Amino acid sequence: MLLEKTISDVKESFPEAILDVTEFAGERSVHIKCDRILDILSFFKEAGFEFLADLTAVDNLTLGGFERFVVVYHLLSHESVERVTVKAYLPEEKPTLRSVESLWKTADWQEREVYDLYGITFESHPNMTRILNPDTFDGHPLRKDYPRRGRIERSDFPQVKRGIRKENETP
Amino acid sequence: MPMSQDEIKSNVLTTTIESAVNWGRKNSLWPMPFGTACCGIEFMAVLAARTDISRFGAEAIRFSPRQSDLLIVAGRISIKMMPVLIRIYEQMPEPKWVISMGACASSGGVFDTYSVIQGVDQFIPVDVYIPGCPPRPEGIVESLLKIQDLVDKEKLSDYALSDTK
């Protein structure tokens, strides 16, 4: 099977970067250190996992784990119809890792979304700016230590008064 | 052409300018739908055959705020959309009225998170609120009738005074 072979090949090629390989509900996850992310994902891509189905992140603040932040790559092989999840662990201080935009163009916007909501920056990304929140937004709201109801961002707008028309009684 | 007393009785109607203008306005409201969520879908049903708001003269939906006098905020407004809504409200010519349609536009609804405005009436003046998630088409027709009542109470003197300010 392509999946088993690729995982053992990755373990052999990058022994120092692999933290763990786990299985849950029939899905394999490869847990890695963040510094070799581009090499490892290139390896997976050349081995046949040529489709990046999803790129997202997790904040482990209350969950525990190797490090606080995880960037999660869901890869799919169209030929063998097998999936693998690659999880790259990042430290809490200045979480940064290499962009995989050079491997998959779809990573462009997804990495921007991760940056917007988690504050994880991607090196050599062509346009590392916010994608969902306004450019003036302060903070990264999907971090677990961000207040759920926000700070003042949803009440910080000018109030428009009625113009010529006077305040009518509500019918 | 001279008219006889009988002809005048059957052809001439006396009224005030104010009630004639208000009568015209209230029966030709041009809505600007600001549909950002499922309320916008529900609003489409109001235009369809069963509740057909053209019966009240409000079927001329304009997607340009400069041509409309009734803003219908239908759906949740995010912090990124609020400046757009304020700009659209300011672009509408006077006189103008605002309906806040549904739970999200009126109060934020279930979306009590950092990114959703908790009621558009915090920032723009709202005349009529419609409860519901989403409201039934009958609710929107009811709100339109309430807006018509409001239009009927307009005082032309308010506008005359505003020129001298």
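## Contacts and the model

Two residues are in contact if their C-beta atoms, placed from the backbone, lie within 7 Å. The contact of H3(B) with H6(B) divides by class into six nonpolar residues, no polar ones and one charged.

The model is predicted.

## Chain A: overall form

Chain A holds three helices and seven strands. Read from the N terminus, its elements follow the order α-β-β-α-β-β-β-β-α-β.

The C-alpha trace of chain A spans about 75 × 35 × 30 Å along its principal axes. Its radius of gyration is 21 Å, whereas a compact globule of 171 residues would have one near 16 Å. Of the 171 residues in chain A, 24% are buried. Among contacts in chain A with a separation of 6 or more, 53% come from residues 24 or more positions apart.

## Chain A: the sheet and its helices

Five strands of chain A form an open sheet. Their order is E1-E2-E5-E4-E3, and the pairing is mixed. Strand E1 (18–24) and strand E3 (51–59) of chain A stand at the edges. Each has a single partner strand, so one side of each is left without a neighbour in the sheet. With direction ignored, neighbouring strands are turned by 20 degrees against each other on average.

E3(A) pairs with strand E4 (residues 69–77) of chain A in the antiparallel sense, over eight bridges. Phe51(A) stands opposite Leu76(A) in E4(A). Two helices meet this sheet. Helix H1 (residues 2–13) of chain A lies across E1, strand E2 (27–33), E4 and strand E5 (82–90) of chain A. H1(A) runs at about 15 degrees to E2(A). Helix H2 (residues 37–47) of chain A also packs on the sheet, touching E2, E4 and E5 of chain A. The direction of H2(A) makes about 175 degrees with that of E5(A).

## Chain B: overall form

Chain B comes to seven helices and four strands. From the N terminus on, the order is α-α-β-α-β-α-β-α-β-α-α.

The C-alpha trace of chain B spans about 70 × 45 × 25 Å along its principal axes. Of its 165 residues, 34% count as buried. Residues 24 or more positions apart supply 79% of the contacts in chain B with a separation of 6 or more.

## Chain B: a parallel sheet

The four strands of the open sheet in chain B stand in the order E1-E2-E3-E4, with parallel pairing. Strand E1 (31–35) and strand E4 (128–130) of chain B are at the edges. Each has a single partner strand, so one side of each lacks a neighbour in the sheet. From one strand to the next, the twist averages 15 degrees.

Strand E3 (residues 97–101) of chain B runs parallel to E4(B), and three bridges join them. Tyr129(B) in E4(B) is the bridge partner of Ser100(B).

## Chain B: helix packing

H3(B) lies across E1, strand E2 (70–74) and E3 of chain B, at about 145 degrees to E1(B). H6(B) packs on the sheet as well, touching E2, E3 and E4 of chain B. The direction of H6(B) makes about 170 degrees with that of E4(B).

How do the two helices pack against each other? Helix H3 (residues 38–47) and helix H6 (residues 137–152) of chain B meet at an angle of about 75 degrees, with their axes 9 Å apart. Angles of 65 to 115 degrees count as roughly perpendicular. H3(B) and H6(B) are therefore roughly perpendicular to each other.

## Val21 of chain B

Val21(B) is found in helix H2 (residues 17–26) of chain B.

Val21(B) and Asp149(B) are 128 residues apart in sequence. In space, their C-alpha atoms are 14 Å apart.

## Where the chains meet

How many residues of each chain take part in the contact between A and B? The contact involves 19 residues of chain A and 26 residues of chain B. On the side of chain A that touches chain B, seven residues are nonpolar, five polar and seven charged.

Notes: Residues are numbered from 1 along each chain as its sequence is written. Chains are lettered from A and ligands numbered from 1 in the order in which they are written. This is a predicted model: local features need pLDDT of at least 70, side-chain atom pairs count only at pLDDT 80 or more; totals for chains, interfaces and linings use all residues. Ala, Val, Leu, Ile, Met, Phe, Trp, Tyr, Cys and Pro count as nonpolar, Asp, Glu, Lys and Arg as charged, and the others, Gly among them, as polar. Axes are lines fitted to C-alpha atoms, for helices over the stretch in contact, and angles run from 0 to 180 degrees between N-to-C directions. Angles under 35 degrees count as roughly parallel, over 145 as roughly antiparallel, 65 to 115 as roughly perpendicular and the rest as oblique. Two strands pair if DSSP finds at least two bridges between them. A residue is buried if 20 or more other C-beta atoms lie within 10 Å of its own, exposed if 12 or fewer, and partly exposed in between; C-beta atoms are placed from the backbone. The radius of gyration is taken over C-alpha atoms; the globule rule is 2.2 Å times the number of residues to the power 0.38.
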